[in-house]
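Let's take a walk through this one, from the packing inside the chains to the place where they meet. Have the model open as you read.

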Amino acid sequence: MTRPLVTTALCLRGVGAGYRGRPVVHDVTVQVPGGSWLAVLGPNGSGKSTLLKSMAGLVDSTGELLVHGRPVSTMGNRERARAIGYAPQIPALPDGLTVTDYVLLGRTPHLGPLGREGPSDLSLVAEVLTRLDLSNLAGRPLRTLSGGERQRTVLARVLAQQAGVLLLDEPTTGLDIGHAQALLELVDGLRTTEGVTVVTTLHDLTLAAQYPDQVLLLDAGEVAAVGSPSHVLTAERLARHYAANLTVLTGPDGHPVVAPVRGH
Amino acid sequence: MPAAMATGTTRLSRWHVLGAALVLAGVLVSAALFGAIDLDWHRVIAEVVAQLTGGVSPLTEQESAILWQLRMPRVVLGGLVGAALACSGATFQGVFRNPLADPYLLGAAAGAGMVVTGMVVLAPHTPASFLPVAAFTGSIGGVGLTWTLGRSAGSGTAHLLLAGVAVASFLTAVQTFVQQLNTDTLQRVYGFILGGLATTGWNQVLAVLPYLVVTSIVLCACAGLLDVLALGDEEATSLGIRPGLVRALVLGAASLATAAAVSVSGLIGFVGIVVPHLIRLLFGASYRVVVPLSLVGGAVFLMVADVVARTALAPAELPIGVVTAFSGAPFFILVLRATGGRRS
């Protein structure tokens, strides 16, 4: 894309989050510099998705949550949507919509009261589709897409929002290793070329060691560790928090490679 | 060099608007040709042109009265009711994300039925002209009750849907009970509820027109938000809209339109479900297209159905609800088969 996106940093201080008074995540403090990538890791039920939703303002939260120095709680809905893009773990893909119809929904926070898209919205979406190699699928109904195409389409919708912070909940769900890798490369490319700040939850610990600048390990809603991947992803720590038999090797590029070890 | 525009969008083009206007005008004039007295089509067209341009009328005074005081009000009323029901149906399907949602889902029909029955039984000498007011009040009351109960249980659409089922069942049970105790009023009540478009001039058209104009504008303006709602509340919120507020606005408007339609035509099923689906199959699933074209499609569908109702067993009249189901169902199946349901 030719137009630059605003770079925004995310700052959490003592953030707690939950549903209807039931706290799920407690006292999370982390700084995400503009243009960097934070991965939230942790076993099932540790509160990863809830933490991501709290950053998007979708669940009740306590503590201090700042986007580019501004408290999220003081932002209006549309203003927040222009600053933070969010894709859930299982996005709804309305059946009869085309890829372009769907990606255009990302322009919602930028539209006027009558919700009519202008030429600039259509040209921006065309750019996003080109950037994500989706132009040839523009008129295709969503249900005819493959898993990889769907994830790219969802990413395109979030990107069309032109938010400085992208929150992607398990963006590689259901993808084989090749497609997962391709998607993360794409996100990484956007991060470096557009300067967007990325927060993802991830299950694949080896991929989590390769792409993000820092990782945050959650266990039972508490921060177990936060720091660079090579600092956090140690065999002893992961074995303890995931209750798994595993070993951590060093890959050819120097990144940790997490390998499960069969128990006896 | 101009920037490239996104292709593959489902949006209204000028061709859609032009085509819809031509079809609507054609059906409006054609529907006015049918009736007990033959009026030649070229004389009717000449009459319409004369009225629009201030020329000399080719019709006799009696023919002119038949055309403008009997047929046209009925045809126009049919168009308005069909437009309201189809547009409301599309809205309900969008809000509840359920293809079987219809405009009567939240108790509009049951409320109207109960209040009309109560009025006929408790005040049998009430003039017939008051029944539409009773139906309108009952319709709004039924939806209001559903909304209150649904919101007290939770904020999701499922609560509202279940409250609608409960309220409709309860009100229908009360109506049936009262009806059983007063079987002598059966014909009068059902004569109204089963509906029809027998009019007494332009009064009914003018009575419902303001409601339908305002609600149609609101629903067409909010059509894009129905696409956003289809993503679910979380994603819709992350895109900066307030799903609860949008739902309240569009369901309020759709219910008002339905109540206005029920008050002048009783209950006409099928239109609110089939027309939006036909539009989806033919023109795409974005509500930016489905809502406005359902307005036109519903109007055309009900005007044609009313012609059939008036002429199939002339001089007797068929209930229009029977005609909509009879003619609509096979047509819908044909379109579904022809398109392979690829966009539904």
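Leaving aside residues up to four places away in sequence, B:Ala84 touches B:Leu212, B:Ala257, B:Thr258, B:Ala260 and B:Ala261. Keep in mind that this is a predicted model.

B:Ala84 also turns up in the largest nonpolar core, a set of 180 residues, where it is listed with those that have the most contacts inside the core. Two of its partners, B:Ala257 and B:Ala260, are on that list too, along with B:Val116 and, from the other chain, A:Ile84, A:Val125 and A:Leu167. Helix 3 of chain B (residues 61–96) gives this core its largest share, 16 residues.

Now hop over to chain A, where A:Leu41 sits in strand 3, residues 37–41.

On chain A, 32 residues are in contact with 30 residues of chain B. Three helices of chain A supply at least two residues each to that side: helix 2 (77–83), helix 3 (99–104) and helix 4 (119–131). Helix 4 of chain A brings the largest share, six residues. By residue class, the side of chain A that touches chain B looks like this:

| Class | Residues of chain A |
|---|---|
| Nonpolar | 20 residues |
| Polar | eight residues |

Terms used:
Residues numbered from 1 in each chain as written. Chains lettered and ligands numbered in written order. Predicted model: local features only at pLDDT ≥ 70, side-chain atom pairs only at ≥ 80, totals over all residues. Contact = placed C-beta atoms within 7 Å. Helix = DSSP H or I, 4+ residues; strand = E, 2+ residues; numbered from the N terminus. Nonpolar A, V, L, I, M, F, W, Y, C, P; charged D, E, K, R; others polar. Core = buried A, V, L, I, M, F, W, Y, C linked by C-beta atoms within 7 Å. Buried ≥ 20, exposed ≤ 12 C-beta atoms within 10 Å, placed from the backbone.
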